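Hi,

Here is the model I promised to pass on.

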Amino acid sequence: MQTITKQQLLDKADSLLANGTVTAVLGWSKGEFGYDVTPKMFTTKEDLEQNFVWNDFCGVNFSKYLVSKTDRFEGKILVFLKPCDTYSFNQLLTEHRFDREKVYAVGIPCEGMVDVSKLKAATGDGISEIKEDGDNLLVTTIYEDEPATVPCRDVLLERCINCKSKKHVAYDELLGDEGEIIDSARFDEVAQIEAMTPDERFAFWQNELSRCIRCNACRDACPACTCEKCVFDNPNSGVENKAPANSFEEKMFHIIRAYHVAGRCTDCGECSRVCPQNIPLHLLNRKFIKDINEFYGEYQAGAEVGSRAPLVDYTTDDLEPGEVFDRRDMDA
Amino acid sequence: MQVNEHKPLIVAFCCNWCSYAGADLAGNNRLNYPADVKIIRVPCSCRVNPMFILRAFQRGADGVIICGCHPGDCHYTSGNYYTRRRMAALFSMLDFLGIEKERTRVEWVSAAEGAKFAATMNDFVEQVTALGENKRLEDLRCKR
Amino acid sequence: MQRVGVFVCWCGSNIAGTVDVQAVSEALKSEPGVVFSANYQYMCSQAGQDMIKEAVKEHNLTGIVVCSCSPRMHEATFRKTAAAAGINPYMVEIANIREQCSWVHKDIATGTEKAIILGKAAIAKVNLNTPLTPGESPVTKRALVIGGGIAGIQTALDIADAGFPVDIVETKPTIGGKMAQLDKTFPTLDCAACILTPKMVDVAQNEKIRIFSYSEVSEIKGFVGNFDVTIKKNARYVKEDICTGCGACVEKCPMKKVPNEFNLGMDNRSAIYIPFAQAVPKVATIDPNACNMLKNGKCGLCARVCTAGAIDYTQKDEYINEKYGAIVVATGFNPISMDKFDEFAYNQSKDVITSLEFERLTNAAGPTAGHLERPSDGKSPKTIVFVQCVGSRCDACAEKGKEYCSKICCMYTAKHAMLTRDKYPDTEVYVFYIDVRTPGKNFDEFYRRAVEEYGVKYVKGMVGKVTPEGDKLKVQASDLIANKQLHIDADLVVLAAAIEPDKSARPLATMLTASMDTNDFFTEAHPKLRPVESPTAGVFLSGACQGPKDIPETVSQAGAAASKVIGLLAKDKLTGNPCVAHSNELMCNGCSSCEKVCAYGAITYENKEFRMPDRTTKIRRVAVVNPAVCQGCGACTVACPSGAMDLNGFASNQIMAEVDAICK
Amino acid sequence: MKVSYFPGCTLKNKAKDLDMYAYKSAEVLGITLEEIENWQCCGGVFTTAKNEIATKLSSVRALKEAYAKEQSLVTVCSACHNVIKQTNYAMQNDKDFSDTVNRYMAEDGGYFGETEVYHYLEMLRDLVGFDKLKEKVVNPLAGKKIAAYYGCLLLRPSGVMKMDDPENPTIMENFIKALGAEPVIYAQRNECCGGYVSVESPELAKKNSNAVVRNAKAQGAEMIITACPLCKYNLVKNGADIPVVYFTELLAEALGVKEDTNE
Amino acid sequence: MNNQYLREELIRQSGVNPKKCMKCGKCSATCPAYDEMEYHPHQFVSMVESGDIEPLLQSESLYKCLSCFACIERCPRGVEPAKLVEAVRLSAIRKQGENRMTANDVPALLDEDTPQQLLVSAFRKYSK
């Protein structure tokens, strides 16, 4: 269902490699199954022809990979960026995390990516083959002979359902048509939770976070989490990583993680996408974004390079921490 | 098991220039407040990392209060403005997770406000005592 | 792990009264790292300090915990003790078991339990302390004095006398301040102008001193030894270096109906003016709110009569940047507004005046040329009532009066009363007082002379109501000794208005990051031992900006401030505070979050080469803290996402160890 | 605009003028005074003792009725104004007092001083505006030198009344200016006339009243206006030799509705 | 004579803290009924503070205070002497049979202009 085709991307990659603009291409490659697409550095046309993929499962946000891929790389890397990826791209530039000169960014349109969990929920486990058929997916499992037809829009990632922007905020070159910033309903679910009683909220999060297995996938996928040394890996930080022993652990971990990226999170949704336990982690990030918007004025991390994040900024008449609650009581 | 009223454990982070001095002034003026309040001196309220607050809760604190200079009076010009934003965001998040909002507080206490310091602590201890034990954010392994 | 010695102070009975010090030192013995624990009556005494030194030697201590009064009181003392004993002074931690324990808790069991916990927290912290060495920074050998009254003048003269250049910034067109408005000075009754104006001339002629009059400080950056100050020179529309102060322009100026602020509005001046004859600098200033030429381009008379060609209607405000090693605040005071005290009818009758107005009325250079005349009709007053403590010692309502004693009123009122009786013996003079406060050399003798020799009628009581009726002021007052209510028909009522810090003080304090009390007086670094220093290093206090003061006191404080400044400027290098931030470059992301929150610009970035485990190298942007500029607030440590930024003396693991010890 | 109105005992009796002119004038200014139903006397003076409860209940009832109608409460008489405002202040700030009162009057919910209380003069200043009042004047009282007599109750205690500067008030002076006359400032305008003590010590009331009138005249007054029936009584009884009138009468005259009321 | 019990009671009832007084005498300076009073406002404050209350209870001064609040308004320390006078007066008239004024007294007081307010106020002040 993507409007841009794999061939168009391949052609672009080939020509940029050929004319020497770039020496490598950061792209998606096939995994074991049709849905587990992984990032890969391609340096030859042959490799691209064989392993490059572009389909409805290419959700991974490449921006983060630029940090580790560029630091000792001589030459330029071509990266394909979906609109949401470009926000992370800018945010990382704001934080000086990679050298812009080493990257050739090609913006590509995106029609939304598929949530594998939702797909599995629709078809059952044991997916052996997935084919695209217009706006539908034809999914074959090892248990059924006939492929099931699943409409893409029924299995979209949450972040794509509530897509905040089809517009690219950074690129060297754009393929396909430019989209618009979308007035999405992404804060609705946060608002619903806010409207609960404290006990209900506690129960909600107890239920969600108790599933956490501390696999760190959320952190590892997060484009804001690019620290040279993560606090959870640092024995001196006082919050070093350990397997969760009780429900407190997950809360502690997720509050700290969300707080660490507060004001810097672009709401790309990678954390929820990669969570094997389907914890709606994006809600924590969106809570911070929503609060920041309400307390200090609209702010979209990554919308422009060099902007000052709200938590490293202030005005003399900011609201008091105690007023945070009055404010909600008033709204209610 | 005793059925005594729960004695809360309160950690108070006080900036060296205003609030810690305010606490000293409360002492100088012999203004009582409960011994449940234990003060940790920090150079500025902006030194207080949310991790410290969570750590205190993890270890069994029932309430955490951060005291700094009044906005506009920070010894370091702007430190408490950052504190204000950081804590507003953090407290809102804790509330979002269903943690009792009454367990956290930020209060601006100047070096001249010994009486305010004592009154604030009395009030906060009362407020936290009313909530009972902190169960929602504690790590049971850290209990004695 | 350190080898920690614990020393529990009794502070006489201050601590020992509510804390079982023996139990505390016993309990702390078994804490990790503790190898010695004792208690003593006064740890801060020489004997107490010797005890620490001996213990260090005997037990080979590497860390010291003193459970005593607030670290704000004696941390420095015990650091010195540690240094004398041969260990790093920053290996000392204080558990505040007095101000924050024994003094606020009444029950011994509770106090003891809390003292032990506070001791444990200090031990947990000291175990993670590391020896710290202060950095050094250079000193700009130039001082800035803000305010050109007697305080600023004296400070500037003393600093210049020691050979250092000084700049004075004064908002008025001339230096001189309040003292220039006074008539005589107590208790010697010498004329204020006679003793002040020579000093003003000294300032003008001193090559080391520059005067920025009609100017204000608009920005202050930097830190002790290295302040970076922007001074805004307001346009006075007269070229200062050309104007000779001849006064021809003042004479010719057709706009003569501008209330004269120097005489507190009791007469008028022209739009172009020189505040008074002995003004320094003696140059004219055009009041842009009154001058027709500046308002609508019609006139230009002064430019035509000025033979020197000093008038410049196009002059603009000018900004000057200068570096200073030290800053002295000498912003002075003003009488409070009498608007809220209209039971004394200040707004209803011209013949109810403040004491400062009375000074101008009796001053030979004042609006009446020194003849005591009633402002309403120019008649000589036959009965004068002085009212003391108007707005002072008033805590009923903060927006009305001041809680403090204004200190100078008793003496100047005695002076006014005495001088009136001296010059006009047939005048009846009443002084209503609550207390007469005269604690100064020759002060009480002076007051007694007013009563005994000059026959001033001092009445213990207060005026309750002044009713202007016809040409009289009907004063209703109490005489508490006679237990009577008095009704006096007075001709003049003089109010001893409370004094308050100048309004410019608070914004200045913000720029300086210097602290103030609730009354907007600047706070001293220590009320007894460091009375002329602000807690902000390199900022000194002179005169009434720190609290109400008379002239002798102001001058002595001005000299003291000057000597502190000289002591600072005499140094070539300053030893800094080692409790500053530092970045662990291995963990630093170079993300600039810390730089954004640093109020001092102490953080810069550099590209640094790192050797990787695979023997390749990589270049990364990392933060570097300038320890001379860093003030140690810690804002950066929390802004840093990776935790690379930490603070000496208040490291994250130290604070968490304290949290753990308290919560355990 | 509609406001609740508490007339008080004297206005229904000896000071009918004060009341009638207040109604008529308010109508002209677009404000309808709705009299509190079954109002009871405010008590004339506020008892400052914390344990005096019953004597303040009538004020609370009036305040509650206005609150129920979501209206402000307006009074004309200085004494009613003083008592009701002080009572309302106690309901707001003295928890022991408000708890006790609410227990007494427990039938429906608590009252904690929510009602806004205005003196008629405050209503003119804050709800109507002296500028607008000036526009409505049809018979300007030009050239008249009028002394405003505040007395003690209108302004004090200022922390509770919050009406004007207690020592240098302007509200009545501005009122006089709005009517086109010239206000006379005199110091005795906020001193007591002698009040209720005139029942016991007529000589004290006489001394105080005379001092007020003498001071006003000495400063050039041709007429004194007041908001308080007791002030008017004491001043007139003790021989005021210039007219002493209620401010509402002057208002009605300036607004051209005085004749109507005499019918 | 030192009546501590009554002292406490008066302080509680009036809400006045006589310790705040700095003995400036402004209350007595501003009092319009001063000359009629045997004990003056500042004396009420100091006598209550020292527990010397009996003379006040017996004094005519209780009935001379105009409740004009001038002393309350002008006290620099916020002492509020009139509230103390009121508290002492209530202690006196709340006793059985100590009403200062009764209905029988009214006709003698009336003239044709007497406002109700005068009688109501006087009753409030003089009777319980």
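Predicted model: local features only at pLDDT ≥ 70, side-chain atom pairs only at ≥ 80, totals over all residues.

**A hairpin in chain C**

Val463(C) stands opposite Ala477(C) in strand S25 of chain C. S24(C) and S25(C) make a hairpin, with 2 residues between them. If you click on the turn, you'll find Gly470(C) there with a positive phi of about 60 degrees. S24(C) itself is mostly covered, since 7 of its 7 residues come out as buried.

As for the rest of chain C, it has 19 helices and 34 strands. Of its 664 residues, 54% are buried. Taking the contacts in chain C between residues at least 6 apart in sequence, 70% join residues at least 24 apart.

**Chain A and its sheet**

Chain A has 13 helices and 8 strands, and 41% of its 332 residues are buried. Among its contacts with a separation of 6 or more, residues 24 or more positions apart account for 68%.

The bit I'd look at in chain A is an open sheet of 3 strands, in the order S5-S6-S7, with antiparallel pairing. Which strands are at the edges? Those are S5 (127-133) and S7 (148-151) of chain A, each of which pairs on one side only. On average, and ignoring direction, neighbouring strands of the sheet are turned by 30 degrees against each other. Between S5(A) and S6 (residues 136-141) of chain A, the antiparallel pairing extends over 6 bridges.

**A buried strand in chain B**

Over in chain B, have a look at strand S1 (residues 10-15). 6 of the 6 residues of S1(B) are buried, so the strand is largely enclosed by the rest of the structure. Ile10(B), Ala12(B) and Cys14(B) point one way from S1(B), while Val11(B), Phe13(B) and Cys15(B) point the other way, and all are buried.

S1(B) has parallel pairings with two strands of chain B, S2 and S3. With S2 (residues 37-42) of chain B there are 6 bridges, and in S2(B) the bridge partner of Cys14(B) is Arg41(B). With S3 (residues 63-68) of chain B there are 5 bridges, and Ile10(B) stands opposite Gly63(B) in S3(B).

**Where the chains meet**

Chains B and C come together through 41 residues from chain B and 40 residues from chain C. On the chain B side, the elements that give two or more residues are helix H1 (19-28), S2, helix H2 (50-58) and H3 of chain B. H1(B) gives the most to that side, with 6 residues. By class, the side of chain B that touches chain C has 22 nonpolar, 10 polar and 9 charged residues.

For chains A and C, 17 residues of chain A are in contact with 20 residues of chain C. The chain A side there has 3 nonpolar, 7 polar and 7 charged residues.

Chains A and B also meet, through a pair of helices. Two packed helices are described by the angle between their axes and the distance between the axes. Helix H12 (residues 282-296) of chain A packs with helix H3 (residues 79-96) of chain B at an angle of about 130 degrees, and their axes are 10 Å apart. H12(A) and H3(B) are therefore oblique to each other, and H12(A) passes H3(B) in a right-handed crossing. From H12(A), the contact is made by Lys287(A), Phe288(A), Asp291(A), Ile292(A) and Phe295(A). H3(B) brings Ala88(B), Ala89(B), Ser92(B), Met93(B) and Phe96(B). By class, this contact of H12(A) with H3(B) has 7 nonpolar, 1 polar and 2 charged residues.

Over to you!

Conventions
Residues numbered from 1 in each chain as written. Chains lettered and ligands numbered in written order. Axes fitted to C-alpha atoms, helices over the stretch in contact; angles between N-to-C directions. Helix = DSSP H or I, 4+ residues; strand = E, 2+ residues; numbered from the N terminus. Parallel < 35°, antiparallel > 145°, perpendicular 65-115°, else oblique. Left-handed = near helix turned anticlockwise from the far one by under 90°. Contact = placed C-beta atoms within 7 Å. Nonpolar A, V, L, I, M, F, W, Y, C, P; charged D, E, K, R; others polar. Pairing = 2+ DSSP bridges. Buried ≥ 20, exposed ≤ 12 C-beta atoms within 10 Å, placed from the backbone.
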